[in-house]
Every structure is written in C-alpha cells, then in structure tokens.
Amino acid sequence: MRTDLTFPNPKVTSGAGNQDSWYRYYAGYSSAFVKYSLETLAPSARTVLDPWNGSGTTTVVAAGRRQAAFGFDVNPVTVVIARARLLGAGVQGSINALAADVAGHAHPVRMTDDPLRFWFSPDSAAQLRALELSIRRLLIDSAATDEVLQDVNSLSSLASFFYTALFRTVRALASPTSGTNPTWWKRPAAGAALRIPKKVIIERFRAAAAELAQGLHREAFDTRTSVKLAVGDSRHLPLSDDEVGAVVTSPPYCTRMDYGIATRPELAVLRFEEADLSYLRGAMVGTPTITGEDQDDDSLGAEASAFLRKVREHPSAASQGYYTKYFRQYYAAMDASLKELRRVMAPDAPLVMVVQDGYYKNVHNDVPGIIADIARAHDFSLEARQDFHISRTIGGMNPSSRQYRKDSSAIESVVVLR
Ligand SMILES: C[S@@+](CC[C@H](N)C(=O)[O-])C[C@H]1O[C@@H](n2cnc3c(N)ncnc32)[C@H](O)[C@@H]1O
C-alpha cells in the first residue's frame with residue numbers, strides 16, 4: 001500500500017469557488033480532488049474516464065489539463081450539465097444578450113401532458129416550455145417543433161448551457177424553499193399548482209444564465225481536446241478494451257438515494273413522463289426500486305456476503321426481504337461495473353474512487369472495503385486508501401436510523417485501485 005498520497009478532501013465545501021458550486025448537483029466532488037488525482041497518478045494518461053460522470057467534474061478538469069475525456073451517466077440531465085460546463089469562458093460577454101434573445105422569442109407552448117404541470121399551472125408551464133422551444137429554435141434547429149428533444153448526446157455546449165439555465169430556473173421555482181436540494185418532490189394539491197407571472201419566469205431565467213456564466217471554466221481551455229459525453233451505463237461502456245488510461249469517479253451512494261427523483265425538475269424540462277422516469281430509475285446503480293435481477297451472495301466475494309448475511313439476520317422488519325435485496329442489487333451492479341472497467345482500462349491504469357460507508361440499523365456497511373474486495377476478483381489491487389470524516393449524511397438525517405445510531409457521521413474514502 002502506498003502512503004505518500006495526500007488527497008485534498010473531495011467534498012465540495014460551502015465556500016467553494018464558482019467552478020465547484022456551478023450547478024448544485026447532489027454528491028458532486030471537488031475539482032481540486034480530481035486535479036490532484038490526475039497530477040499524481042496519471043499525469044500523462046491519454047484518456048480519462050468517469051463512468052458515473054454526474055455534473056462532470058472529472059471531464060472538465062481532465063479537459064482543462066488537455067487530457068481527452070469520456071464521461072457517461074445514465075441520466076441525460078447530467079450529460080447536458082456536464083457539457084454546458086465545457087463552454088469556454090470566452091463566451092461570457094455574449095451570454096446576457098443571448099439570454100435576452102431566448103426570452104424575447106419565447107411564446108407560450110401549451111401542452112396538456114407537459115411534465116412541468118407536476119408543479120406549475122397551465123400558463124406557467126406553457127411559459128417555461130416556451131423558453132425550451134426558444135433555446136432549441138435559436139441554438140439547435142430553427143425549424144424545431146414542440147416534439148421531445150431526441151438526442152442530448154449531440155447538443156452543443158452553448159445549447160447545453162441554456163438548457164442548464166432553464167434547469168436551474170425550474171428547480172428554483174419548484175422548490176418550496178430555494179437552496180434546498182430535495183430528493184423527493186411533492187405535487188401541489190389540486191388547485192394549488194404554482195402560478196408564476198411571466199415576468200418572474202423571464203427574470204429568473206436571465207439571472208440563472210448570468211450566474212452560470214460567472215462560473216464558466218476559466219483556465220486556458222484547448223477546445224481541440226476531445227471530450228465525449230453521452231448517456232451510458234457503467235455496466236456496458238461503448239469503449240474498446242484497454243482504451244482508458246485513468247478513471248476518477250464517485251459511484252452512486254449505497255443509501256437508497258434516488259438520483260432519478262432528485263432530478264425530477266430537470267427531467268421535466270427534457271419532457272420525461274412518469275414511465276420514462278421509472279425506466280431511468282430502474283437503470284441506476286443503487287436504485288431503491290428492486291429490479292428483480294438477482295445474484296447469489298457468494299459470487300460477490302467474502303466481504304459482501306458477510307455483510308449481506310448480517311442484514312438478512314437482522315431482526316427488524318423487511319431486513320430479510322427488501323433490504324437484503326436492495327444491498328445485494330447494489331453490490332451486484334458494482335460488480336458488473338468493475339468488471340466492465342477492468343475491460344476498458346489499460347492494465348496499469350489507476351482507478352480512483354470516492355465512496356462513503358454507511359450503516360444498516362447497527363450493521364456497518366463498509367462500502368469502500370467491500371468494493372475493494374469485489375474489485376480484487378476483477379484483478380484490481382488496492383494501492384491506497386485515505387479516509388475523510390464527514391459529519392452529516394443522508395442516512396443520518398433519517399429519524400428511523402437514529403434509533404440505532406446517535407452519531408450521524410460517516411467516512412468518505414478515496415480508494416485507489418490498479
Ligand atoms: C455520486 S454521483 C457522481 C457525482 C460526480 N462525481 C460529480 O462531481 O458531479 C453518481 C452518478 O452516477 C449516475 N449513475 C447511476 N447509475 C448509473 C449507471 N448504471 N451508469 C452510469 N451512471 C449511473 C447517477 O445518475 C449520478 O449522476
């Protein structure tokens with residue numbers, strides 16, 4: 001094991017610069033952490049991958065270092081955000097004028113089945129949808145109709161930027177209190193749909209664009225560096241064998257965190273219906289819904305099966321049923337992803353992962369240790385591990401888990417495998 005590595009804390013702190021807090025994406029990590037990882041472990045890797053790319057911290061930092069990058073995520077919302085983040089700071093001076101133009105060309109688009117109606121009155125939804133269509137007509141296709149945007153993979157970074165401004169507008173207007181990041185959204189009661197005056201919608205949109213422009217990537221940015229961002233599943237990556245020189249990533253948490261529902265407002269902008277949303281949730285590693293794919297515990301290695309046994313034997317309700325299935329499903333998805341990473345990574349390439357431990361009732365879930373054990377079966381070996389103490393977790397905020405643990409802290413670990 002190496003002991004010479006001193007990673008900066010991966011957590012994005014509240015005082016973080018614009019670049020880190022660019023889009024408050026749940027569970028984003030700091031760019032300083034990615035920089036350090038690439039500088040020390042893969043300074044000359046020709047390609048860097050994040051198979052769980054989220055808001056795209058890895059891909060933007062790699063590109064800033066002129067290392068070609070691949071970023072995949074099952075959630076199309078994140079692909080749009082990650083691409084917007086690549087926009088060069090050079091366009092900053094044009095953003096306000098473009099936002100005004102988008103707003104000026106936005107004429108209400110009424111749709112009976114608009115997913116924005118989840119929160120908004122027909123008029124407000126039509127006004128928000130107008131902004132979407134206007135972005136498309138001005139920046140993607142002047143003949144766009146009100147059909148669903150088909151392909152987020154080929155959006156320009158400028159169009160992605162304005163989509164992100166609209167995401168931010170919708171999220172802020174739909175949030176009961178702005179600044180929170182709800183992972184569960186409530187539909188307003190009948191007759192209480194949000195009615196937001198047109199003027200407010202437009203002001204919010206222009207303000208969101210202006211704020212995001214402030215945080216655009218500032219460093220010298222070589223636009224010739226290839227960055228490929230696409231919707232994709234960590235278990236089936238569209239890459240060739242041994243193609244990747246380094247991976248820096250944070251897999252989904254093992255806390256029943258629902259990354260699909262967490263982005264409901266953004267998915268509504270992309271016109272995701274309930275059926276699309278449940279399909280997406282089913283495709284996510286760590287999804288709280290049980291997808292029915294099963295794998296026996298032993299094939300996941302000694303550490304995972306010991307943990308699963310403790311969960312199964314726990315006397316509390318649903319331990320044997322739902323919770324055993326949930327955790328098994330999480331580790332089976334991690335197993336399949338690690339197998340796929342082994343395939344696409346060059347033999348000596350480092351895999352840097354940020355993972356948090358957790359508890360099921362009073363049973364410790366050593367996610368970093370279990371993942372390292374599963375990885376061993378795929379020919380990775382543990383090169384280093386550095387732990388950071390964090391004081392508040394999603395699990396810790398749940399009143400029912402307080403019955404078992406007073407302390408709501410967790411350990412976030414950086415695990416280096418090779
Ligand atoms: C912890 S977040 C990554 C955060 C990222 N490091 C950042 O800085 O924003 C995990 C991401 O994994 C994605 N994800 C979940 N299941 C996936 C799968 N099967 N394949 C690819 N991505 C997936 C989620 O949508 C989420 O964006």
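The following questions and answers concern a predicted model. Residues are numbered from 1 along each chain as its sequence is written. Local features need pLDDT of at least 70, side-chain atom pairs count only at pLDDT 80 or more, and totals for chains, interfaces and linings use all residues.

User: How are helix 11 and helix 13 oriented to each other?

Analyst: Two packed helices are described by the angle between their axes and the distance between the axes. Helix 11 (residues 302-313) and helix 13 (residues 367-376) have axes 7 Å apart and pack at about 135°, where helices are DSSP runs (H or I, at least four residues) numbered from the N terminus, and axes are lines fitted to C-alpha atoms over the stretch in contact, with angles from 0 to 180 degrees between N-to-C directions. Angles under 35 degrees count as roughly parallel, over 145 as roughly antiparallel, 65 to 115 as roughly perpendicular and the rest as oblique. Helix 11 and helix 13 are therefore classed as oblique.

User: Is Arg66, which has a positive phi, buried or exposed?

Analyst: Most residues other than glycine have a negative phi. Arg66, although not a glycine, has a positive phi of about 65°, and this residue lies in the loop between helix 2 (57-64) and strand 2 (68-73), strands being DSSP runs of E with at least two residues. A residue is buried with 20 or more other C-beta atoms, placed from the backbone, within 10 Å of its own, exposed with 12 or fewer, and partly exposed in between. Because Arg66 has 11 C-beta neighbours inside 10 Å, Arg66 counts as exposed.

User: What percentage of the chain's residues is buried?

Analyst: The chain has 418 residues, with 14 helices and nine strands.
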